[in-house]
Amino acid sequence: MNEITSAIQIIPLEHYILLSIIMFSIGVLGVLFRRNTIVILMCIELMFNSVNLLLTAFAAYHSDLTGQVFVFFIMIVAAAEVAVGLSILVMMKRNVDSVDINQLNRLKW
Amino acid sequence: MSFLFYFLSAIMIISGLLLVFSKSPINSVIALIVCFIAMGGQYILLNAQFLAVVHIIVYTGAIMVLFLFVIMLLNLNKTTIPQKTSLTRVSAVIAGGLFFLVMIAASRQALEITPRYPFDGHTGLVSAIGKSLFHEFLLPFEISSVLFISAMIGAVMFGKKDPPGYSDPVYRNNNTGTA
C-alpha cells in the first residue's frame, strides 16, 4: 500500500498541473461548444473536479492537510450547486419545453 | 507505479472528450462517470483516501445519479437539440485551445516549487482529516449545513408547480401589491 500511495514522490507536480489544465480546458470547450444545458452543467462539474485534483496534488506534495479540507468544502458546494442547477433545468423544461441554452437569450438584453 | 498515473490520466482525458462530443446526453453522463472513477483512482494515488471515498460516494453515487434521473425524467434522450453553427463551434475550439495555451504558458513561468513540509504518509488519512475538520474548520463545517438547507429549500421552491395562470401577465398585474 505504501508503494501505491507515494506516487507524488515519483511523479513530478508539473504533470498534475498539466493534467488539471487539460481537464479544465475540456470543460471550457464543452461549455462553449454545446447547446444542451445538461451537458453544460456536466462540463462545469468537470472543471470543478480538475481544480479539486490540483488542490489535492498540491496538498499531498506539501504534506499539508488544509488543501484536502478545502477540496471537501468544494465538494459540498458542488453538491448544493448541482441540486439547484438541476431544479432550474427542470423548471426550464417545464416553462419553455426545451433544454436548449439559446432559449434563454432573453436574459442577454 | 507512475504507469498508473498516466493510464488514469489517459482515461480521464478520453472520457472528457467523449463527454463533450457525444451526441446523446446519456452517453455524456456515462463518460463523465468513467472520468470521475478514474479521478478517484488519482486521489488514491495521491494518498488522499478520505477524498477518494467521498468523491466516489458524492459524485458517482449522488450527483451523476441525479443527472441520469433528470435526463430520464424529462426524457431528454429523445429530443435532439441542433448543434451550434459551425462558425461558433470552430471559434469554441479555438477559444478552448487558446485558454489551454495561456494556462500552460502561465504555469511555465511559475517559480520552482519546493515542498513545505517533508513527505508524510498520514496526510490524507481519515483520522487526520477528521481532526483538522473538527478542530480548525469546525465553524465552516457547521455553516455548510446552512448552505445545504438553503440549497434544498431553493430546489424545492424551483421544483414546485406555479399556480395555474401564473405566467399570465394579467394574473401577475392583479396580484402585485396584494400579496
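**Notes on the A/B interface and the cysteines**

1. Let's start with charge: between chain A and chain B the count is 0 salt bridges. Please keep in mind throughout that this is a predicted model.

2. Polar contacts do turn up across the interface of chain A and chain B, where 4 residue pairs qualify, both partners at pLDDT 80 or more.

3. The most comes from α5(A), with 24 residues.

4. On extent, 78 residues of chain A are in contact with 83 residues of chain B. The two chains bury about 7600 Å² between them, and 78% of that is on carbon and sulfur atoms. Three residues, Phe33(A), Met42(A) and Met75(A), supply 9% of the area chain A buries against chain B, more than any other three.

5. Turning to the cysteines, there are 0 disulfides over all chains. Cys43(A) is in no disulfide, and its nearest cysteine sulfur, on Cys35(B), is 10 Å away; a disulfide would need the two sulfur atoms within 2.5 Å. Cys35(B) is likewise in no disulfide, with the sulfur of Cys43(A) as its nearest, 10 Å away.

6. Are these two cysteines buried or exposed? Cys43(A) counts as buried because its relative accessibility is 0%. Cys35(B) is buried too, with a relative accessible area of 0%.

How values were computed:
Residues are numbered from 1 along each chain as its sequence is written. Chains are lettered from A and ligands numbered from 1 in the order in which they are written. This is a predicted model: local features need pLDDT of at least 70, side-chain atom pairs count only at pLDDT 80 or more; totals for chains, interfaces and linings use all residues. Side-chain values use heavy atoms; hydrogens and water are left out. Buried means under 20% relative accessible area, exposed over 50%, partly exposed in between (1.4 Å probe, protein chains only). Contact means heavy atoms within 4.5 Å. Buried area is the accessible area (1.4 Å probe) that two parts lose on being put together, summed over both. A salt bridge is a side-chain nitrogen of Lys or Arg within 4 Å of a carboxyl oxygen of Asp or Glu. A polar contact is a pair of N or O atoms within 3.5 Å; within protein, one must be able to donate a hydrogen and the other to accept it, and residues adjacent in sequence count only if both atoms are side-chain atoms. Helices (H or I, at least four residues) and strands (E, at least two) are DSSP runs, numbered from the N terminus.
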